[in-house]
Amino acid sequence: MTTETMVIDVRPYTQATQLEHEFRNINHRYGTDFSLHRFRMPIRRPDGEWDCMFQLPVLTYRYGEVEHEHGLPDYRMFDLRYLRAWLADDCFPSYTELEASIVEDNPINRSAAKLSISGMGWVLGLEDAHHARLLTELDADEPTVTGLYAAVERKTGLVYPMATGTRMTVTRDRDDDHRNQWKLTIAVGLPPEQTLRWPSPYDDYFGKDCPDERTMRDQLERDLDLLREQVLARDSDRCRIVRQAAESLCREYAATQDKEER
Amino acid sequence: MNAMIMPAAAPQLDSHLSFDESTMPDDDIDLFDFPPSLDDWARDKKVCQYFNADDEAETCGTDPEYFIRADHCWDPGCHEVHTWYYCLRHFAANIGYLAREICALPTDLELTRYVRCGDIPPRYQLIEWGRIGEEGTHELPHDSARTVR
């Protein structure tokens with residue numbers, strides 16, 4: 001078994017042409033059909049409505065079939081407005097496992113490889129994205145969302161959102177005896193060295209070296225006062241900006257809900 | 001009848017079928033590893049709700065003494081009041097973490113970490129905390145939580 005990995009990093013200074021070149025390399029080596037697109041900057045129409053859908057379900061692979069992920073409401077799965085923050089926070093872990101095979105006689109012609117999905121999560125369907133009017137060409141005249149790309153794989157009809165700072169890892173496993181077949185794993189996420197690991201509260205506070213009950217109660221008393229102080233600060237001037245942002249978040253959400261109900 | 005394959009709750013049956021409740025395996029509910037209710041981990045009473053996010057088999061399950069109540073979770077679309085129950089140790093751990101890290105973030109980080117991701121910051125979620133039985137007795141003034149909602 002030979003394993004080979006290719007990596008595409010979207011850095012702040014990466015040019016789109018450079019990314020396109022790297023995708024062409026991947027297409028050539030692994031038989032995929034990637035092309036690079038951008039997310040459109042939504043425009044508000046004169047009647048106040050947006051000219052796209054912000055929220056979409058993501059696709060997942062379950063019981064041998066492609067399904068929409070029904071475990072979460074749509075607005076917690078994909079929302080263009082929060083996508084860049086989710087990607088930067090490693091909260092949009094798209095991945096797929098594909099099986100590729102060449103049935104023709106000419107094994108050099110990898111572009112003829114057939115791809116089939118064997119596992120998948122947190123990717124967009126190309127049809128859904130088109131229907132929602134989210135994507136546009138790289139060199140389109142209309143404004144696009146900065147720092148955000150869509151890697152579209154046409155053979156499987158999947159869209160992998162990528163943001164500045166994220167990395168796409170394509171891994172190929174191939175059995176040396178069956179050189180016309182290989183397995184591809186495609187994953188988008190932060191590079192491992194940049195992944196923020198939020199520590200578990202239980203490791204830092206009374207984890208394995210748990211103090212005796214008296215010490216714990218003493219510290220609890222202090223922490224309770226501190227927490228009360230921190231929470232009451234939510235009405236203060238210092239937190240005004242957060243309060244306003246959270247209020248507008250709820251208003252925005254309520255407006256979207258109203259529209260869906262109508 | 002093998003009690004292990006019986007469901008934890010009586011299934012909805014057609015009206016012409018009857019179901020003898022005495023055969024329900026009330027005492028064997030511990031056999032089921034999936035908790036029907038997150039509050040009690042499939043037991044008859046409330047237990048501490050601690051579980052290790054990295055290893056979900058690691059739970060606490062001792063008698064809870066304390067509670068934490070929040071108006072809404074991260075989700076701006078969730079309209080439920082959530083209550084979590086904990087034993088002393090895990091309550092103290094949660095309060096310490098909330099007080100020193102989660103609710104102590106500077107405002108810019110609170111914006112990038114929560115609001116930009118479409119989440120309500122925890123500072124605006126909390127209603128009250130304390131000993132079980134004292135629910136509703138010392139609610140924090142939550143004008144801002146209400147207006148946020």
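B:Glu65 and B:Arg131 form a salt bridge, with their closest N and O atoms 3.4 Å apart. A salt bridge here is a side-chain nitrogen of Lys or Arg within 4 Å of a carboxyl oxygen of Asp or Glu. The model is predicted: local features need pLDDT of at least 70, side-chain atom pairs count only at pLDDT 80 or more, and totals for chains, interfaces and linings use all residues. Residues are numbered from 1 along each chain as its sequence is written, chains are lettered from A and ligands numbered from 1 in the order in which they are written, and side-chain values use heavy atoms, leaving out hydrogens and water.

**Salt bridges within the chains**

- The B:Glu65–B:Arg131 pair links distant parts of the chain, 66 residues apart. B:Glu65 lies in the segment before strand E1 (66-70) of chain B, and B:Arg131 in strand E3 (residues 126-131). Strands (E, at least two residues) and helices (H or I, at least four) are DSSP runs, numbered from the N terminus.
- B:Glu65 is partly exposed at 30% relative accessibility, and B:Arg131 is partly exposed at 35%. Buried means under 20% relative accessible area, exposed over 50%, and partly exposed in between (1.4 Å probe, protein chains only).
- A:Arg133 meets A:Asp51 in a salt bridge (3.9 Å, N to O). The two residues sit in loops, 82 residues apart.
- A:Arg133 is partly exposed at 43%, whereas A:Asp51 is buried at 10%.
- The whole structure holds 20 salt bridges over all chains.

**Interface of chains A and B**

- 43 residues of chain A are in contact (heavy atoms within 4.5 Å) with 50 residues of chain B.
- The buried area is about 4,500 Å², with 64% from carbon and sulfur atoms. Buried area is the accessible area (1.4 Å probe) that two parts lose on being put together, summed over both.
- Three salt bridges join chain A and chain B. One of them pairs B:Arg100 with A:Asp223 at 2.6 Å, N to O.
- Helices H2 (80-88), H4 (201-204), H5 (213-232) and H6 (240-261) of chain A each give two or more residues to the side that touches chain B. H5(A) gives the largest share, 13 residues.

**Cysteines**

- The count is zero disulfides over all chains, a disulfide being a pair of cysteine sulfur atoms within 2.5 Å.
- A:Cys239 is buried at 0% relative accessible area. Its closest cysteine sulfur, in B:Cys103, is 9.8 Å away, so it is too far for a bond.
- B:Cys87 is in no disulfide either, with the sulfur of B:Cys48 3.8 Å away. B:Cys87 is buried at 10%.
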